[in-house]
Each structure stands twice: as structure tokens, then as C-alpha cells.
Amino acid sequence: MRTEAATLPGRPEHPNEDWAATTLPASGSGGTVVVLDGVTPPAGDDGCVHDVPWFTARLGGALTELSASRRDMTLDGILAEAIRRTADAHRDSCDLSHVRTPQATVAMARWDAAAVEYLVLSDAVLLLAAPDGSVRAVLDDRLDRIPDTVRRSLEATDRLRNREGGFFTAAADPDVARRAVTGTAPRGAVRALAALTDGAARWVELFGQGDWADCMGVLGEEGAHRLLTRVRSLETEGGAAGRTLRRKRHDDATAVYAVL
């Protein structure tokens, strides 16, 4: 296995709220990738004394430990347990019922000699490249289905957050794990994979510089850091995406690329 990871903060003066990890089992066979994108809350109370990086580090650490050590658990079961552990770590000090309690999007993969398991929750992206060069994108598109007119309102978005008919993120309720997009592919059908936060996925989704196969090509030929610097250049230029970028010109961006 060969892996490469890169991350860039959206703003130098603001903590990077993304989180990423890769593991290689002691047996040397297989591996795991975990990528989280912390959800930046709007100004105001979120009921928690902890910041988003604290939350993503706690949740990401639990996901990494469990996905590497508990082969008997499914990825959605691992996500549920990791959410439960993280909630227990601040249940006594924070209001976990608050709609904006710290939360994150999730992309995970785990593989061995037989299969590749995957999980995506919210707008993170997981890419699976086949030996013939074709690329499959594993997406949770529920957030994309919400009209922009609704998403521009914080109150309207909050009414859809972690609710039926809306979208789901990893927050304080372990039950959200069963809402994740999950699946399994034969190990021989996956040559490489990539996990991206939405800040990195902008290269395709916002700026339209290519499709997901082109994105995997950049990762494989130029590296994860180069994909992120390409995104930063496009954000600075603005172009056709300028209206969207006025709301959030630069976003935390993380990419992990693994050749299996």
C-alpha cells in the first residue's frame, strides 16, 4: 500500500477543521482511510464548550482505532460507536441536543485481501479507481438536493439538519450512522482510492475542471498537495463560481490518496 495525504486551511488565522488518518495493520495486509470535515458553525451559541477541531480529533481518533482493530464490526457500526464515545466525552459539559452541536462529514474506507468497504456521510467524497482506469464516486447527495434558497437561510438549514427529508452529519446521535452511504467492492476491482473533503472536491463540483476520473488522474500523477493548490488558485481567480465564493472563498481542503 502507498498513501499520500495533504491538507490546507481555508484561512491561515482560523484552525483547520478537517481531519485525516491512514493505518496499516500489523499483519501488513489491508489498511484504512478516515477523512472528516468539521462543520463550521455560524457565529453564536452552539451549546458546546469545545471547538470543532476538538470534536473532529476525538471522532477521527475513535474511527481510526475502531476501523483498524475491530474487523468484526461494520463501518456503520464503527461510526455509531465512535459518535457514542465522542458524545460521552463531553455529555456532562455541553448541550448535545443543540442543533449546531459540533459535527462533521465523514468518508471512510477499509480493505483487506478480499474486499474494500466504504462509507460516506454528507458532502465528503470517496473515489474508487478500477484496474481499467474507470472511477466510481461514492456520494451522499442529500445536501445537494436542498435548494440554494433554503441553504442561504441558517434557520431553514437548521430545520433540515439531521432530520428526515434533510441531510445528516456525524454529531451526537449514534443512530445517524445508519443513514450513511455504505457498500463493499471486491478487492480486485479497486486499484486505488481517494477520500476528499468538499474543499478539495471543489475542483470537480464547483469549478468543473474535469470529472472524477480526471481528479484521480491529478492525484495519481501530481499528488494530493497539487490538487489542493490547484483549487486554491481557482478560488483566488473566482471566475464563474464567484457568487458562491463570496460566501466562503476558501474552504479547508483535504485529500488522501491510496494505491492498494
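Colleague: Which residue in β8 stands opposite V116?

Modeller: A185 stands opposite V116. The model is predicted, so local features need pLDDT of at least 70 and side-chain atom pairs pLDDT 80 or more, while totals for chains, interfaces and linings use all residues. Residues are numbered from 1 along each chain as its sequence is written, and side-chain values use heavy atoms, leaving out hydrogens and water.

Colleague: What makes β5 and β8 a pair?

Modeller: Strands pair if DSSP finds at least two bridges between them; a strand is a DSSP run of E with at least two residues, and a helix a run of H or I with at least four, numbered from the N terminus. Six bridges join β5 to β8 (residues 181–186), and the two run antiparallel. Strand β4 (residues 104–111) is also joined to β5 by six bridges, again antiparallel, with M108 opposite L119. Three residues lie between β4 and β5 in their hairpin.

Colleague: Why is β5 called largely enclosed?

Modeller: Buried means under 20% relative accessible area, exposed over 50%, and partly exposed in between, with a 1.4 Å probe and protein chains only. Six of the seven residues of β5 (residues 115–121) are buried, so the rest of the structure largely encloses this strand.

Colleague: Is S122 buried or exposed?

Modeller: S122 has a relative accessible area of 4%, so it is buried. It lies in the loop between β5 and β6 and has a positive phi of about 70 degrees, although it is not a glycine.

Colleague: What does N162 count as?

Modeller: N162 counts as partly exposed, at 28% relative accessibility. It sits in the loop between α4 (154–160) and β8, and its phi is also positive, about 55 degrees.

Colleague: Which residues of α6 meet α7?

Modeller: C215, V218, L219 and E222 meet A224, R226, L227 and R230 in α7. Contact means heavy atoms within 4.5 Å.
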